[in-house]
Amino acid sequence: MTVRTTRRVFLSAATMMAAALAATACGSPQDTATGGGDSAAPVKVGLVYSQSGALASYGKQYIEGFKAGLDFATEGTGKVGDRKIEVTEVDDAGDPAKAVSAAKDLIGKGTKIIAGSTASGVALQVAPIAAQNKVLFISGPAATDAVTGANKYTFRSGRQSYQDVVTAKSFIGDPTGKKVVVFAQDGAFGDANEAAVKAVIGSAGATVSSVRAPASATEFTPFASQIKAAKPDLLFVAWAGTTAPAMWQTLDQQGVLSSTTVVTGLDIRASWPTFGAAGAKISFLSHYFDGASDTEASKALKAKVNTIDLFHPDGFAAAQMVVRAAQEGGDDVDKMVTALEGWSFDGVKGKMTIRAADHALLQPMFQAKLTGSGTDFTATAQKSLTGDESAPPAVAMKG
């Protein structure tokens, strides 16, 4: 997330019409999977994601979601038509070099569908490999906006940073004339968050400024004083690391949380206790949390994992996309691409639409609140934004 919720801040006229309708229709993930290509050969899918390293917990959610989604989309058969979907998992440990090597190895063995990418840096290195080798690449939890429109062979099964910030903007309604302060650490992560807020909320009419703290800071009272003096209508907090509990405690003790609307991203469930007593006073933008939706896909996922967490839906959607691609494209990757472009499907979060122009994944986003405390926090949805309401601006396809 930009808000560091991961680690942190698009023939005949009759034939053409039929093809367009097929591509844009809202399809059920359990539509009969007929498949194509060599009916005796398996559909090879390579999942390159973080099994170890800093994002291993996110990778675990992704693969659990993928397996549940594959079961859902194939009605428990693990097949497209008569073809078994053969999944090979490779650990990239969050290292782009390892991911590129793994992707090349899988492609060399005849794999035409690559999915995964827990980390943004990994996704940005694998995407060009997909284009060079003309294989389908479905990026996972990686949130960088740059994946959208990267090339015709690259798609995404998760949300992107722009959708996070648009959700934050929804907390203040019309931004015109509003004051927004970004509180973040110095460095690239803080720079990215400040730039995103200025681009999304500032361009909509708000005045955006920032209060920045050294990454090494452990005393946060001076920064809380600066924030209060600015009297913002919205405080956007982008924070990563072990100092988060002390930071939130100080903002609470200094009255910042009671003086303005404070928004940050809701990370995985294991991180919720870091908010301490401040948790119930914060407004959260959310990609997903258990109970945010009540769809057939969410019910199927919950039956498999018991408690749905942040990145389970990304894996689930990836599996739905893999099945759609194999079902409609067979062994022809260009046909896979065409089958995904413009496709709408019912995912864990609700209606998901792959924008044909740049492969952005339009999807619901959520406002959330926490109640309770510590390990007993419970998240509830305050508002849902539709895929259209949270849609990023279309970008030109780069390749």
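Me: How are residues classed by side chain here?
Reply: Ala, Val, Leu, Ile, Met, Phe, Trp, Tyr, Cys and Pro count as nonpolar, Asp, Glu, Lys and Arg as charged, and the others, Gly among them, as polar. The model is predicted, so local features need pLDDT of at least 70 and side-chain atom pairs pLDDT 80 or more, while totals for chains, interfaces and linings use all residues. Residues are numbered from 1 along each chain as its sequence is written, and side-chain values use heavy atoms, with hydrogens and water left out.

Me: Which residues line the second largest cavity?
Reply: Rolling a probe the size of a water molecule over the atoms shows where empty space is left. A cavity is a set of points, on a 1 Å grid over the protein atoms alone, where a 1.4 Å probe fits but cannot get out; lining residues have an atom within 4 Å of a point. Here the lining consists of Asp267, Arg269, Trp272, Tyr288, Phe289, Asp290, Ile308, Asp309 and Leu310. By class, 5 are nonpolar, none polar and 4 charged.

Me: At what angle do H2 and H11 pack?
Reply: Helices are DSSP runs (H or I, at least four residues), numbered from the N terminus. Axes are lines fitted to C-alpha atoms over the stretch in contact, and angles run from 0 to 180 degrees between N-to-C directions. For H2 and H11 (residues 312-329) the angle is about 40 degrees, with the axes 6 Å apart. H2 is therefore oblique to H11; angles under 35 degrees count as roughly parallel, over 145 as roughly antiparallel, 65 to 115 as roughly perpendicular and the rest as oblique. The contact of H2 with H11 holds 11 nonpolar, 6 polar and 2 charged residues.

Key:
On a 1 Å grid over the protein atoms alone, a cavity is a set of points where a 1.4 Å probe fits but cannot get out, and a pocket is an open set with protein on both sides within 12 Å along at least five of seven lines; lining residues have an atom within 4 Å of a point. Helices (H or I, at least four residues) and strands (E, at least two) are DSSP runs, numbered from the N terminus.
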